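Welcome! Take a moment to look over the chain below, and then let us walk through it together.

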Amino acid sequence: MFGTVLIANRGEIALRVARTCRELGIRTVAVHSTADRESAVVRFADESVQIGPPPAKASYLHMPSVMEAALRTGADAIHPGYGFLSEDPDFAEVCEAHGITFIGPPPHVIEKLGDKALARALMAEAGLPVLPGSVGAVTGLAEARKVADEIGYPLILKAVAGGGGRGIAVVRAGDQLTQAFRQTSAHARAVFGDDRLYVERFVEDARHIEVQVLCDRHGAAVHLGERDCSVQRRYQKLIEEAPAPNLPDALRTEMCDAAVRGALAVGYVGAATFEFVLAADGAFHLMEVNCRLQVEHPVTEMTTGIDLVREQLLIAAGLPLGFEQKDVTPRGWAIESRVNAEDPDQDFAPAPGLLTEFVPPGGPFVRVDSHAYPGWLVGPDYDSLLAKTVVWAPDRDQALARMDRALGEFRVEGRGLRTTIGFLREILAHPAHRAGRHTTGFVAEMAAERAK
């Protein structure tokens, strides 16, 4: 096992990784920007290193600074969390070149799956259903139009290097394609440094279902069940739950088996998430594969009792999985709600500020993953996530009631600060959500109802 792990991230995920390392007796090093010098993980870790100013490109995304910190502190492994360098094959290669273990899949696997167009082709070869669309990245607007003529509208343009809900545009008619293509391509170039796009059919009233997979270095792979992540605004998730409501067992098994088959086909190692779109008629198609820990991983941990970060560390250390598929027995129901510093009445615009009060909920089967505390300045430099409230209960009705109770207890106040707590409680109370009939269009429909 590792002696020292450097955590190349910030916020709640950095603290969450540090906690599991502490339980395993692993020394931790936190890196931080000047804006995060007072962050919770800096206080918790065994050692901390300042790596640059607030802009992520000059700190959390700056490989030389992160590697220098790792070498200087004697780290023998780096956990990238999610976002930042977590799916950067170049960073994984640099780690290898310095004899430091990257806690994630091998660089060549990240490279294949990080190219969303290539990943579509590989998964199709492995027998997974992919949405009709371009085989790979389109060469330009003319080819995009040709594909559109073949698959019809609506369609969706996606950045090959995209992620986190960015670099995506839905095109509902042919006269919108030219402008959407140019805007999305320019956005992809600015954000990801790669303006290539691919084209897929857009499925209306779909559900977003994802499957968690673990693979070791010895050829073993298991799935840990599925999550429903359909409650989204602008392709970014607000509420996730496990298991997915109203999902027939046969379909659940089919999706989970497909995810494991896809992982084995590319020689995956570590924790992977296979994201599917599920149409109203029960047909499902792969959207993408994420080579990292997901924000919503706690709901899987709550239903399976498996610490995913612990498994990542054990796998990265070369140990075989300590359980087989038959040993994974999800029980009960878990729900996660993301408390963001955003104003739902202003189209979820970031609403940061100085936290003057932060009292998370408690009680039975309630978990709050957060780095926030009173006096913490929620600045504009990073994402708006303040806390993940996660609950578990024997069934969905009890879990919904517990989540509503927990969110009702949450006390978050700050000058200029707004949060999503009230909106989350509205979602929980909505008849469509309570019945498990929500789709990826649910939040937009709900916002339209509120605006009347």
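Is phenylalanine 348 buried or exposed? Phenylalanine 348 is buried, with a relative accessible area of 5%; buried means under 20% relative accessible area, exposed over 50%, and partly exposed in between (1.4 Å probe, protein chains only). Before going further, please note that this is a predicted model, where local features need pLDDT of at least 70, side-chain atom pairs count only at pLDDT 80 or more, and totals for chains, interfaces and linings use all residues. Residues are numbered from 1 along each chain as its sequence is written, and side-chain values use heavy atoms, with hydrogens and water left out.

Phenylalanine 348 also has a phi near 60°, a positive value in a residue other than glycine. You will find phenylalanine 348 in the loop between strand S15 (342-343) and strand S16 (349-350). Helices (H or I, at least four residues) and strands (E, at least two) are DSSP runs, numbered from the N terminus. Phenylalanine 84 has a positive phi too, about 45°, although it is not a glycine. Its place is the loop between strand S4 (77-79) and helix H4 (89-97), and phenylalanine 84 is partly exposed, at 28% relative accessible area.

Next, the peptide bonds. A cis bond with omega of about 0° joins tyrosine 153 to proline 154, and proline 154 belongs to the loop between helix H7 (141-151) and strand S6 (155-163). Another cis bond, with omega again about 0°, links alanine 242 and proline 243. Proline 243 sits in the loop that runs between strand S11 (236-242) and helix H9 (249-265).

Now look for the sheet. Five strands make an open sheet with parallel pairing, in the order S3-S2-S1-S4-S5; two strands pair if DSSP finds at least two bridges between them. Strand S3 (47-52) and strand S5 (101-102) are at the edges with a single partner strand each, so one side of each has no neighbour in the sheet. Inside this order, S1 (residues 4-7) and S2 (residues 27-33) pair in the parallel sense over four bridges, and valine 5 is opposite threonine 28 in S2.

Finally, turn to helix H4. Aspartate 90 lies in this helix and, at 47% relative accessibility, counts as partly exposed.
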